[in-house]
Amino acid sequence: MAARAKLSRRDRIKMGIRKRLSGSSARPRLSVYRSNKGIYAQIIDDVSGKTLVSASSLSKDFTAAEGTKIDQSVAVGKLVASKAIAAGIVDVVFDRNGYLYHGRVKSLAEGAREGGLNF
């Protein structure tokens, strides 16, 4: 029961966040998903409903598989930033997806900032 309560709590937080922010073609949304094995990031245009850029610690083009999960999160942030800049995206809105801005989520955001994204 505790796991279900934790997920429903995150869903309530997530809905409150998504009520306030949305990604457009000018400033798409950088959404983060964190699992026990990996971390995923997508840049989404909510107006057209399309994912523009995505990166993950479990994808084939991810090379920094060594290190801690926080190190991997920084590398995923840099990877998604480099893909976004190649696609012509510089400004994004950060969506922490109901997670606390701490640990792996924070390190992914810092890695994306280091890679050149503004949010």
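How many bridges join strand E2 to E3? In this predicted model, local features need pLDDT of at least 70 and side-chain atom pairs count only at pLDDT 80 or more, while totals for chains, interfaces and linings use all residues. Residues are numbered from 1 along each chain as its sequence is written, and side-chain values use heavy atoms, with hydrogens and water left out.

Strand E2 (residues 39-45) and E3 run antiparallel and are joined by six bridges; Lys 50 in E3 is the bridge partner of Asp 45. Helices (H or I, at least four residues) and strands (E, at least two) are DSSP runs numbered from the N terminus, and two strands pair if DSSP finds at least two bridges between them. The four strands form an open sheet in the order E3-E2-E1-E4, with mixed pairing. Strands E3 (50-56) and E4 (93-95) stand at the edges with a single partner strand each, so one side of each is left without a neighbour in the sheet. From one strand to the next, the twist averages 20°.

Helix H2 (residues 69-86) lies across strand E1 (29-34), E2 and E3, running at about 145° to E3. Angles run from 0 to 180 degrees between N-to-C directions, and axes are lines fitted to C-alpha atoms, for helices over the stretch in contact. Helix H3 (residues 104-115) packs on the sheet, where H3 touches E1, E2 and E4; contact means heavy atoms within 4.5 Å. The direction of H3 makes about 145° with that of E1.

The axes of H2 and H3 cross at roughly 40° and come within 7 Å.
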